[in-house]
Amino acid sequence: MYTLQFDINHCKTCPTGDCLVKCQFMSLDKTEAIKEMIKIAEGKDSPVLHDCVTCYGCEEYCKRGNHPFYLITEQRQAKGILTAPRAITRQWINIGEPRGKARLGQVKGKVLSFGFMPELLQLVRGRLFEDVMPSYVFGQEFFCNVVYIHFSNTSIIKERLPQVLENFRKLGVKEVVCMHDECYGAFASLAPAYGMEVPFRPIHYFEYLYGRLHDLAKELRPLRIKAAYQRPCSSRLSHDTHHFVRDILSIIGVELVERAYQDENALCCGDILGMNYGYELKNDVQSRNLDDMAEHDAEYCVFNCSACQNVLATKVAKRGIKPIHMIDLCKMAIGEKPSMEVS
Ligand code: SF4
Ligand code: SF4
């Protein structure tokens with residue numbers, strides 16, 4: 001059985017308690033934050049186990065190599081503190097069940113992984129991906145299963161993620177370009193946190209895009225637009241790659257508006273918040289986030305995660321802001337996609 005690697009001594013000597021001090025959904029000072037995290041690590045009950053809304057933020061806020069959110073999730077499951085009704089959790093778990101129907105392209109040493117998000121298959125056409133495609137994998141057999149940390153369920157991840165890693169190992173791939181942010185988080189953060197061996201180098205698709213834009217530098221035309229970036233919850237698990245947002249936007253001539261809810265202070269799309277914690281919380285988070293984009297005169301809202309885009313695209317467009325996926329924005333910069341009108 002895989003065990004979370006969490007060092008309580010890091011908390012006992014922590015100078016900041018940032019994991020919970022910076023939490024946007026609770027109000028704890030440094031002393032309280034450290035005390036509560038130590039209690040959780042000792043297996044005791046804590047208000048945090050009841051009030052956490054699974055934004056994943058504390059995984060980024062802790063700079064001492066601990067995994068506060070994974071620990072919260074472990075302890076919630078151990079104590080039966082559910083974040084959603086059992087039927088909803090079961091429904092989600094069934095969706096990710098391997099069915100032996102994975103789709104494989106012409107798999108080579110380097111492969112694109114779509115996890116289990118069919119909309120990504122449409123996004124990878126054109127020159128940005130011509131050096132890898134048609135080397136790809138898609139299906140539940142390659143689905144990272146990270147979403148279940150929203151449902152206080154790490155046991156299903158500990159059961160399925162090793163099998164997903166084994167499926168990649170059997171293909172003999174050396175590098176996996178993760179087209180979904182959450183998959184990268186699974187391989188670069190969650191699997192190592194549980195001592196699972198990852199038999200390939202995971203590459204975040206932002207890193208891949210950044211490299212391809214350099215390859216295609218002669219075809220780049222600055223877009224000269226102002227954009228807000230919608231950071232997904234999963235990006236907190238791969239915060240080491242967040243700098244690629246600015247790096248990419250900079251080379252394609254997009255000005256990132258300096259708004260309140262970005263970087264460490266970002267707000268998620270709100271979808272899971274609505275499902276698990278009520279529509280009032282979801283509406284509050286979405287309203288503050290979209291108001292912030294509009295107040296800072298963003299012309300475009302750039303999405304990393306297709307699921308966030310599905311949730312927010314219409315709401316963004318109603319405020320006169322054009323919703324676009326990062327990949328499509330890069331296609332605009334190399335002349336493969338026209339600029340957008342808001343309908
Ligand atoms: S989880 Fe990290 S930030 Fe939080 S108290 Fe422990 S060491 Fe400090
Ligand atoms: S996951 Fe988010 S809501 Fe939960 S404790 Fe961490 S920062 Fe707070």
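Helix 1 (8–12), helix 2 (18–21) and helix 3 (30–41) each give at least two residues to the shell around ligand 1. Helices (H or I, at least four residues) and strands (E, at least two) are DSSP runs, numbered from the N terminus. This is a predicted model, where local features need pLDDT of at least 70, side-chain atom pairs count only at pLDDT 80 or more, and totals for chains, interfaces and linings use all residues. Residues are numbered from 1 along each chain as its sequence is written, while chains are lettered from A and ligands numbered from 1 in the order in which they are written.

Reader: How many charged residues does the shell around ligand 1 have?

Author: Let's start with who is there: the residues around ligand 1 include His 10, Asp 18 and Arg 64. A residue is near a molecule if its C-beta atom, placed from the backbone, lies within 6 Å of it. Asp, Glu, Lys and Arg count as charged, Ala, Val, Leu, Ile, Met, Phe, Trp, Tyr, Cys and Pro as nonpolar, and the others, Gly among them, as polar. The shell has 7 nonpolar and 3 polar residues, and the charged ones number 2.

Reader: Which helices each supply at least two residues of the shell around ligand 2?

Author: Of the 13 residues around ligand 2, Cys 23, Cys 52, Cys 55, Gly 57 and Cys 58 come nearest. By class, 11 are nonpolar, 2 polar and none charged. The helices you want are helix 5 (57–61) and helix 6 (68–79).
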